[in-house]
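User: I would like to learn how to read aromatic pairs in a protein model. Can you take me through one?

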Amino acid sequence: MTNDRSASAIPSAFAKALDELSHAKVRKELKFTEIPAPGRLAPFSLALSGDVIDVVPPDHGPHGQEIGRTPFLQPQEQLATGRFILLYDPAGQELWNGQFRIVTYIRARLDHDMGQDAMLASVAWSWLEDSLREREAFHHSAGGTATRVISESFGNLAGEQDHIDIELRASWSPDSDHLGPHLSAWADLVCTFAGLPPLPEGVQQLPHRRLS
């Protein structure tokens, strides 16, 4: 989290930022894990991994339900995955135009029709802008790329189904150290990539299958 620095060495601004993130409101469908943070981008950093997972109902075949099969053994489908990285440099960095920078990566597999949309990259970037605006995550100096990835299989893997993924790599600088809304906006964005519809606050999404 802090590049092997002791807790006493953590600047108060970064400690406040971590506390803000810990109280962020996020959708229940997104499962968080803290992962090793990059050590060369800033003196202090935090990295989170987020995934939207859907349980795939087992194929029971012609004989009905599988005997002895428990729910936690069912296969799972990853609808979207992402990384949220918070960087802090007390001295600031010129490209950030500030002390804090948020970096994100999100990837999701798309259905065939949506994957063929020529405007897909622009739509993905608009999802980011909409998420930040709706959560009032005020920011500046945003930049990034959205990429459509078409995967085709050959040789021994020729029988594998071709698929299309969308990837978003982006970063922005928060206008203040009030960072909870930024994590909330990012969580909303991952869920959007997963194909989940917007929900009123406090309402939980029912199980959803995106891919056929």
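Predicted model: local features only at pLDDT ≥ 70, side-chain atom pairs only at ≥ 80, totals over all residues.

User: Is Trp186 buried or exposed?

Analyst: Trp186 is buried, with a relative accessible area of 1%.

User: How is a ring pair described?

Analyst: Two values describe a pair of aromatic rings: the distance of the centres and the angle of the planes. The model has seven aromatic pairs. In one of them, the ring centres of Phe32 and Trp186 are 5.9 Å apart and the planes are at 40 degrees, so this pair is tilted.

User: Which parts does the pair of Phe32 and Trp186 tie together?

Analyst: Phe32 is in strand β1 (residues 30-35) and Trp186 is in helix α4, so the pair ties together parts 154 residues apart in sequence.

User: Now the pair of Tyr88 and Phe100. What are the distance and the angle?

Analyst: Their centres are 4.6 Å apart and their planes are at 35 degrees, so Tyr88 and Phe100 are tilted. Tyr88 belongs to strand β3 (residues 76-93) and Phe100 to strand β4 (residues 98-110). Tyr88 is buried at 4% relative accessible area, and Phe100 is buried at 8%.

User: Where is confidence lowest and where is it highest?

Analyst: The mean pLDDT of the chain is 78. Confidence is lowest in helix α2 (residues 112-115), with a mean of 55, and highest in helix α4 (residues 180-193), at 95. Over residues 202-212 the pLDDT is below 50.

How values were computed: Residues numbered from 1 in each chain as written. Heavy atoms only, no water. pLDDT = per-residue confidence, 0-100. Helix = DSSP H or I, 4+ residues; strand = E, 2+ residues; numbered from the N terminus. Contact = heavy atoms within 4.5 Å. Phe/Tyr/Trp six-rings, centres within 6.5 Å; stacked < 30°, edge-to-face > 60°. Buried < 20%, exposed > 50% of the residue type's maximum accessible area, 1.4 Å probe, protein only.
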